[in-house]
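Take a slow look at the fold before reading on. The text below walks from one part to the next.

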Amino acid sequence: MKVALITGITGQDGAYLAELLLSKGYVVHGVKRRSSLINTDRVDHLYEDVSVENRRFIMHYGDMTDSLNITAIIQKVQPDEIYNLAAMSHVKVSFEEPEYTANADGIGTLRVLEAVRLLGLTEKTKIYQASTSELYGLVQEVPQSEKTPFYPRSPYAVAKLYAYWITVNYREAYNLFACNGILFNHESPLRGETFVTRKITRGIAQVALGMDKQLFMGNIDAKRDWGHAKDYVEAMWLILQQNNAEDYVIATGETTSVRDFIAMAFLEIGVTIKFNGTDINEVAIVESIDESKYLEYIGSEFGEHGRLELGDQVLSIDERYFRPTEVELLIGDPTKSKTKLNWQPKYDLKGLIEEMVKSDVQLFRSKL
Ligand code: NAP
Ligand code: GDD
């Protein structure tokens, strides 16, 4: 049985990857942070009690900012594959916590690579580094491929730039099987609540159920290449199954604005919205409602604000969500991953939105 170690196992990708590797027969070890509240919701269904013989899912307390701890875990686990997913992954928050982000996301990656080297595991252990399309930032080319120059636009992206190059350097200097997956945005019902897609699907569920009046959004002109996290963790695994260690762009090759994502998500519950106004004065208004779809989705119970009606204002712009430097457009060129990894996403954007909206409507209906 192969042994995998996943840092960031309690995050969106960590949870899907753990499921995937368990289904492939791996023993899966994960690193979780100590916190005052339980932070293992996404993987609780995989938990095995310590009394279970030959457990295949094992958690270790750890933190990317603690070299001794990272080294000790890797020594104990002796992994065949490490998936380094742990990071302070929120771009806007990285402007408020730049030093911590550099430490966890940048130097944290060095800690993993150096531990593998110092422990004499360079022949045994393959390493996947969670690199990001944020590296392209102020894009120098459209679409972005493995050859497009980087231009990071946030403390998060700058930290990830260090992580990208230190991974390449350890591969070249020490012949480590270390690879960067340059993943474009990927989402799911497990996505953190403050990333834009989940904020939208949660917000729409609450507004549609009369639990809130409207969404407050930042720059809705930004465009992203959105895929489903389930498809993307499969690519991570494929990258480590190749004969040669290389870096890959993982993307759908299509881009959509935040504004269009919002309109598509409202349409999913039968509501057509119209945007009026410009810049920070822009709003969205309910233009029409497909009654049977709306009521079939939402049911007949509503919160204090009641059901949606024609003309209701359901969105405003709030400058607090703007970023000091923005990444306006991302669209990946997945040619290499399609040809070399034979990777093909199963979800399209409509299917992703449907799954996320359904899941959040169900979540909030249960709270009514
Ligand atoms: P996520 O949901 O935010 O999960 C991040 C994980 O890292 C969580 O388990 C978190 O633990 C853990 N973590 C954060 N700081 C840590 C620290 N100092 N020590 C140990 N663990 C720490 O992110 P994700 O969406 O799954 O993304 C996974 C990785 O891919 C991240 O590195 C992200 O930057 C990168 N990435 C994501 C995307 C995307 O679109 N999702 C695209 C490209 C790259 P807690 O649960 O305790 O917070
Ligand atoms: N979060 C958020 N909240 N974003 C908003 C909002 C809002 O209210 N309104 C507009 N946006 C815009 C952001 O300005 C950005 O241009 C876009 O929506 C996407 O924002 P996020 O969902 O926060 O993701 P991200 O693209 O900044 O970063 C994510 O993807 C990267 C890969 O490109 C994260 O998962 C990163 O960890 C990942 O590396």
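Start with helix α1, which lies across β1, β2, β3 and β4 (81-84). The helix runs at about 175° to β1. Keep in mind that this is a predicted model.

What is the strand order of the seven-stranded open sheet? The order is β3-β2-β1-β4-β5-β6-β11, and the pairing is parallel. Strands β3 and β11 (248-250) sit at the edges, and each pairs on one side only. Neighbouring strands in this sheet are turned by 20° against each other on average, direction ignored.

Strand β1 covers residues 3-7 and pairs with β2 in the parallel sense, over five bridges. L5 stands opposite H29 in β2. Helix α1 spans residues 12-23. Together, β1, α1 and β2 make a right-handed β-α-β unit.

Stay with β2 for a moment. Is this strand mostly covered or mostly open? Strand β2 spans residues 27-32, and six of its six residues are buried. Both of its faces are covered. On one side sit V27, H29 and V31, and on the other V28, G30 and K32. Next comes strand β3, residues 57-61. Five bridges join β2 to β3, and the two run parallel. Here K32 has Y61 in β3 as its bridge partner.

Move to the other end of the sheet. Strand β6 covers residues 177-183. Three bridges join β6 to β11, and these strands run parallel. I182 has V249 in β11 as its bridge partner. Helix α4, residues 98-118, also packs on the sheet. It touches β4, β5 (126-132) and β6. Its direction makes about 170° with that of β4.

V116 is found in α4. Is V116 buried or exposed? Its relative accessibility is 0%, so V116 counts as buried. Which residues does V116 contact, leaving aside its neighbours within four places in sequence? They are I74, I82, L121, T122, T125, I127 and L176. Now compare a position elsewhere in the chain. V116 and A265 are 149 residues apart along the chain, and their C-alpha atoms are separated by 44 Å.

Next, look at another sheet. This open sheet has four strands, in the order β8-β15-β14-β13, with mixed pairing. Why is one side of β8 and of β13 left without a neighbour in the sheet? Strands β8 (215-217) and β13 (271-276) stand at the edges with a single partner strand each, so one side of each has no neighbour there.

Go through its pairs one at a time. Strand β15 covers residues 313-317. Three bridges join β8 to β15, and the two run parallel. F216 stands opposite S316 in β15. Strand β14 pairs with β15 too, but these two run antiparallel, joined by three bridges. In that pair, I285 has Q313 in β15 as its bridge partner.

The remaining pair is β13 with β14. They run antiparallel over six bridges. How many residues of β14 are buried? Strand β14 spans residues 283-289 and is mostly covered, with five of its seven residues buried.

Helix α8, residues 258-268, lies across β8, β13 and β15. It runs at about 150° to β13.

Helix α9 spans residues 291-298, and helix α11 spans residues 349-365. Their axes come within 10 Å and cross at roughly 55°. The two helices are therefore oblique to each other. Which residues meet there? E296, Y297 and I298 in α9 meet E354, V357, K358, V361 and R365 in α11. The residues of this contact divide into four nonpolar, no polar and four charged.

Terms used. Residues numbered from 1 in each chain as written. Chains lettered and ligands numbered in written order. Predicted model: local features only at pLDDT ≥ 70, side-chain atom pairs only at ≥ 80, totals over all residues. Heavy atoms only, no water. Pairing = 2+ DSSP bridges. Contact = heavy atoms within 4.5 Å. Axes fitted to C-alpha atoms, helices over the stretch in contact; angles between N-to-C directions. Buried < 20%, exposed > 50% of the residue type's maximum accessible area, 1.4 Å probe, protein only. Right-handed = clockwise from strand over helix to strand, strands pointing away. Parallel < 35°, antiparallel > 145°, perpendicular 65-115°, else oblique. Nonpolar A, V, L, I, M, F, W, Y, C, P; charged D, E, K, R; others polar.
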